[in-house]
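Dear colleague,

Please find the structure that I am passing on to you. I would be grateful if you kept it open while reading the notes below.

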Amino acid sequence: MTNSQPATFKNQTIQWWVWGLLFVIFVINVLPSGRLLAEALSDIAQAGQSSFWKVLNAPATWQATWHSFYTSMLATTLAVVLGAGLAFFIALSNIRAKSFWVFMFMLPMMIPPQVTALSWLQLMGPGSALLQLLGVAPALGSPQPLYSAWGIALLMGIQHAPLVFLSVRTSLLVLPKELIEAARLSGASQSRIMLDMVFPLCKNGILAGAAIAFVSALGNFGIPAMLGIPASYYVLPTLIYQKMADFGPLMLNEVSSLSVIVGLIAMFGVWVQHRFQAKIPLVGMPGKPLAFALGRSRIWCEAGLALIILVILVMPLMALVTSSLVPAIGVVLTMDNLSFSAYAQMLTGQGVTWRAFQNSMLLSVGAAFILACLALPLVYVVVRRPRRFYSVVLMLIDVPYALPGVVLAIACILLFAKPIPVVEISLYGSLGIILFAYLSRFLTVSLKPVHSSMMQLDVALEEAAQLCGASLTRRWRDIVFPLLAPAAFAGFLLVFLIAVNELTVSALLWSAGNETLGVLIFNLADGGETVLASAVAVSIVLMIAVLMICLSVVGRNLPKGVIPWRN
Amino acid sequence: MAQLVLENVSKLFGSSRVVDGLSLDIPTGSFVALLGPSGCGKTTTLRMIAGFEQLNQGTIHVEGRQLAGPGLHVPPDKRNMSMVFQSYALWPHMNVMDNVGYALKLKGIKAEAYRQQVFQALETVNLTHLAERAPQDLSGGQRQRVALARCLVSHPEVLLLDEPLANLDQHLRASMEETFRAFHRRTGATFIYVTHDQAEAMALADYVAVMNHGRLEQWDTPEQLYQYPQNTWVARFIGQGSIIYVRQKTAERSLTGDNVMQLLSSSLGSSQQAVLIRPEHVRVAATGVELQVLSRVFKGERYKYTGRLPDGQEMDFYHQGRLEIEQNVCVQVQQAWALLD
């Protein structure tokens, strides 16, 4: 009898397929960042002449860094006030239809930033079809108020508030009710309980949420590109983009150095977030969550919530819909001149719209599928045959998602500027490079649900099958796969949802014929074709809402935390 | 006729010896309990027998066939053993019937033969009416019985049970114990039952292996274990009783009432020899050793008291009548057992 299928591999060598898997992970997750670092540091020996030194000496760098910090800080402040406030409100009170409010408040996070920017641009400013309809539009020729640092900060704050909301809400949901009841029996009033119990216990949640919001704002490209570039207000991601757009590969060396700086700032933010995410150990079972009774004021609180949703979500989207229906920009919309020509054009005419749709579909479905296939075995190996260095692997997988998209895009350009050695295939200028970047960026998105599902999978289920005589492949087919499949599918949908609208990475990697939906909206808006851009954006928002509902349905049987907007 | 043989088995996790030189000869068809406090290595031992853990040292044989040893490890799927897990480990995506029949499916048994064997197994645990249910829709006791039926269907030589009653409430335990006993009679398989509950072990097993810190403390029938524990640790772990230290070494281990009374009255207050005195062997009498009552617990049919001997050592005893705290009484000890260390 040979040692063919032992249950634990602790004393075993890693098998060939695990090495293969780890190699693929290395290529898609570590190689790009490594290549970027190498490029930025390649001429460091030249000291004063090195690109790093040049970048550090350029006033534009420092100005953009200041702009980035300024807008990100403002946005984070807004996100914390909005996100934490609503989290307290929704998680701790007895308002009705909580899952509806959570869903509505999550939607701004899932809407791509360029669509957010476009819809707010349609809402404000002299050209606003909605304001014209209401007769309160500013005079023609007056400046668009959103083309400013405050505009960027406002929109990024709204976009990233859900991140703070999620983080705070999670820390509130695990607060056991008994804890508060014990405080009340000790004689604490409602406000003392908030001050002495609830706030200290969820402080880390707020700080972690603020850190994610800051990192996300720092890496946000869509909003500062749509609002900042027209006003020549550059932040770090848009500065990199503009340099690449203006000078092309000539600037690669300098741009790499710039990217490394952005990357380092982002990594610092991620480190802060991880530090605060370390939970306060709660003693005892999480009992029923808290719910303070609002009494008679409940209806007013609900009305207030509805008003907030109206302002941050419904009104901009209404403006977007209105803009997509006008015959031409600047025309006042009435029932008579309502026009669906933009939608018709989107579906039939204009090869580029249809092509971009196809490209984005192909890329997102492809990436989501490949990533699900990678995530399943990877998660199994990491959970069932733990080794110390796997925790490093899991951390490295997070890096490309935490890096600003522009940085990852530069890294991919560097990696594929020359044809791949040995096989002599050039990915540069093809859909392949975008697919590669998506695989790199979204592996962690695909992995998380499968990982938490796997962590909850009792090892005894497999052992019971093994005692029945099932081999490893049989156990995989009959036990592990069916039980992980819902989580893998949720991961698939999440990746698809994010990738199909992705702009930041593809903005630098696209080429003629290889546009994505995100790039298309950006280009259309940039080229003044606002009506068509709005129509495409409206379709995208609809698609997102439908997908999110699908995910909620799929997520019903999944472990907690897999679907962000579900309990 | 010892047929499941563990010889000098050791298991290391890192540098700690979880199981340390364990040897057991388990007769075919017996019901054996591995008993010990948590962390004593009993579950690891069970998992080594099943093949989920590899040995660092020693060998395991079944019916003369070697399963594990240096350079050899028969995987669990080739050992013809079954296991009832603490969490039951029922596959949530299969219904009761598919759970029970999975081993048959793997053996290629199909159609009528499959149905017949599955239902036979379900019948023995009275669950035929739930064949189509999902495991999640069953009560704890029903899940336990499905897990048993799943083990029964593959006719294992050895059935391993890992704290199977730990997740059930008190009144279900008694009826499940009866099910296990009936099951053991019917199958004739060797049962190895891991538990930390001595009452469970005593009630079920033919033999009990008492483990502590990865070592075997004692291997005996439940009766022998109760009456003649090897050492003070086992004596403290099994049953109720007081360990009293006396000055003189005893020649005999089994002490009569006269022996004990003489030891107690003449040579208290030293630590030459440990003696185990069970509370049921202490009688309140007109004369004897004097005790001051320290605590009283009402047990329904009688009271359990703890009293203090003149030298300060404490002794438990039962008595029908109610005694007051701090009252002085005299007791006679009817028998005792001298412990080796």
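The notes that follow describe strands and their pairing in chain B.

This is a predicted model, in which local features need pLDDT of at least 70 and side-chain atom pairs count only at pLDDT 80 or more, while totals for chains, interfaces and linings use all residues. Residues are numbered from 1 along each chain as its sequence is written, and chains are lettered from A and ligands numbered from 1 in the order in which they are written.

An open sheet in chain B is formed by six strands in the order β7-β8-β9-β3-β10-β11, with mixed pairing. (Strands are DSSP runs of E of at least two residues, numbered from the N terminus; two of them pair if DSSP finds at least two bridges between them.) Because β7 (81–84) and β11 (215–220) of chain B stand at the edges with a single partner strand each, one side of each has no neighbour in the sheet. From one strand to the next, the twist averages 20 degrees (axes are lines fitted to C-alpha atoms, and angles run from 0 to 180 degrees between N-to-C directions).

Four bridges link β7(B) in the parallel sense to β8(B), residues 158–162. Here B:M83 lies opposite B:L160.

Strand β17(B), residues 303–308, runs antiparallel to β16(B), residues 289–298, with six bridges. B:Q292 has B:R308 as its bridge partner. Four residues separate the two strands in a hairpin, and B:G300 in the turn has a positive phi of about 95 degrees.

β17(B) is also joined by six bridges to the antiparallel strand β18(B), residues 314–319, where B:H319 stands opposite B:Y303. This hairpin has five residues between its strands, and B:G312 in the turn has a positive phi of about 100 degrees.
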